[in-house]
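Morning, everyone. Please look at the model first, and then I'll go through the ligand site and some salt bridges.

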Amino acid sequence: MYLKEIIINGFKSFPEKTIVKINSELTAVVGPNGSGKSNISDSFKWVMGEQSAKILRGSKMEDVIFAGTEKRKPLSYAEVDLIFNNSSKKLPVDYSEVSIKRRLYRNGDSEYLLNNNNVRLKEIRELFMDTGIGIDGYSIIGQGRIEDIISAKSDIRRKVIEEAAGIVKYKARKDESLRKLQKTEENILRINDIISEIEQRIDPLRKQKEDA
Ligand code: ATP
């Protein structure tokens, strides 16, 4: 599975629909300071569900929408589409090409689309679990992030390694099973309480039956 294209439309410094094709083993984006290189990786993080405007280098989420220049009007929405080649079916869906899109309007309305069908962010997160792709994964390492990972607390570093090792999915399932087990144990306790309560009534009832 690999990222084939990033289609940016109205996001940050991209007022026009821009297709970033990633078709070789190594793709470099070259440009002067402030020309918008990091906006491309921001756009990727944004589609993968980044909720922090600060991480996207803004102060509020609306800042990702093209804000206009002296010569151009601001736009009313931002849209970014990531196209993955999924012929390996590493992403567990039937499509051999997967499109993940996020759209945000100035009024705050937002949507996520998986191959043009509306989905919840949760579904996108689950789809990418253990692929290493995602906002907490190791697939995007921004400026200064290597230092963060090295100097991070051991539990944060552990999370990055676990994602890379592909065990996050199993850990999530284990947590879910433990939660169910806990619930079942509580149910057993409650049933035992009821049983002992009913048992106390057996003798008096038996007596009443015999008397009757
Ligand atoms: P550097 O090499 O310095 O990190 P860069 O090439 O990575 O720079 P970015 O930081 O990605 O550049 O781009 C910043 C540019 O994007 C700035 O010129 C900024 O004005 C522009 N920009 C960011 N948000 C918006 C927006 N909402 N509307 C219009 N332009 C924006």
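**Salt bridges and ligand site**

R158 counts as exposed, at 52% relative accessibility. Exposed means over 50% relative accessible area, buried under 20%, and partly exposed in between, with a 1.4 Å probe and protein chains only.

Ground rules. This is a predicted model: local features need pLDDT of at least 70, side-chain atom pairs count only at pLDDT 80 or more, and totals for chains, interfaces and linings use all residues. Residues are numbered from 1 along each chain as its sequence is written, and side-chain values use heavy atoms, leaving out hydrogens and water.

Back to R158. Its salt-bridge partner is E162, with the closest N and O atoms 2.7 Å apart. A salt bridge here is a side-chain nitrogen of Lys or Arg within 4 Å of a carboxyl oxygen of Asp or Glu. E162 is buried, at 11%.

Next, R106 and E62. Their closest N and O atoms are 2.8 Å apart. R106 is in the loop between β4 (97-105) and β5 (110-114), and E62 in the loop between α1 (37-47) and β3 (77-85), so the pair ties together parts 44 residues apart in sequence. Helices (H or I, at least four residues) and strands (E, at least two) are DSSP runs, numbered from the N terminus.

Now the ligand. D63 uses a backbone N or O atom, 2.8 Å from a ligand nitrogen atom.

Notes:
A polar contact is a pair of N or O atoms within 3.5 Å; within protein, one must be able to donate a hydrogen and the other to accept it, and residues adjacent in sequence count only if both atoms are side-chain atoms.
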